[in-house]
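Biologist: I am new to reading protein models. Could you walk me through a few features?

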Amino acid sequence: MSLKYSNTTADFLEWEEAMNLIRKLFKDKNYSMSLLIALGCFFGLRISDILSLRWNQILNVNEFTIIEHKTGKKRTIRINAQLKRHITDCYKAINPIGINAPILISQKGTIFTIQRINIILKELKNKYKLHIDNFSCHSLRKTFGRQVYNMNSDNSELALVKLMELFNHSSVSITKRYLGLRQEEILQTYDCLSF
């Protein structure tokens, strides 16, 4: 991995804000974006892998396996019960042409491009007044990572090892840098000083 994550351009959403966004988008009948945010936050996949998903892979299943586009590695993902319900609700609301159809189709009937999704995410940031500076497709993957880390704070090293494996990083230090944890640790050094 290059040094590109030493100063990342995508931030993460706080988990509760991400979950609220999913609910608001669904309520506002923006089912595709509600599904995108949910899958990104719960799966931690890159956007290229999410865009390649089809309904038959994620609907009414407990887990599925994909070959990641970037790494060529196989990855199995488990779908929890809450997300399964959301996927089913989105499927019914979207009413795609069939079970083999791609899950994220634009109004023009084409699969969204990464560039278009990034534009939509910036529009969502403004419309819903999200507390995130740089909101892009990669923010969803980072939101997943930060939530896994935060939920396992009592055993943060194990959480980092698991995330390293999931993200296919070569070291825990890269995962820490990727999640912005390294920068937070450095900045906390200043907080330790007293007058």
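Modeller: Let us take a helix, then some ring pairs. This is a predicted model, where local features need pLDDT of at least 70, side-chain atom pairs count only at pLDDT 80 or more, and totals for chains, interfaces and linings use all residues. Residues are numbered from 1 along each chain as its sequence is written, and side-chain values use heavy atoms, with hydrogens and water left out.

Biologist: How many residues of α7 are buried?

Modeller: Buried means under 20% relative accessible area, exposed over 50%, and partly exposed in between (1.4 Å probe, protein chains only). Eleven of the 15 are buried, so α7 is largely enclosed by the rest of the structure. Among them are Leu140, Lys142 and Phe144.

Biologist: How many aromatic pairs are there?

Modeller: Rings of Phe, Tyr and Trp (its six-membered ring) pair if their centres lie within 6.5 Å; planes under 30 degrees apart are stacked, over 60 edge-to-face, the rest tilted. The whole structure has six such pairs. Phe43 and Phe64 are edge-to-face, with centres 5.2 Å apart and 65° between the planes. Phe43 belongs to helix α2 and Phe64 to strand β1, so this pair ties together parts 21 residues apart in sequence.

Definitions and conventions. Helix = DSSP H or I, 4+ residues; strand = E, 2+ residues; numbered from the N terminus.
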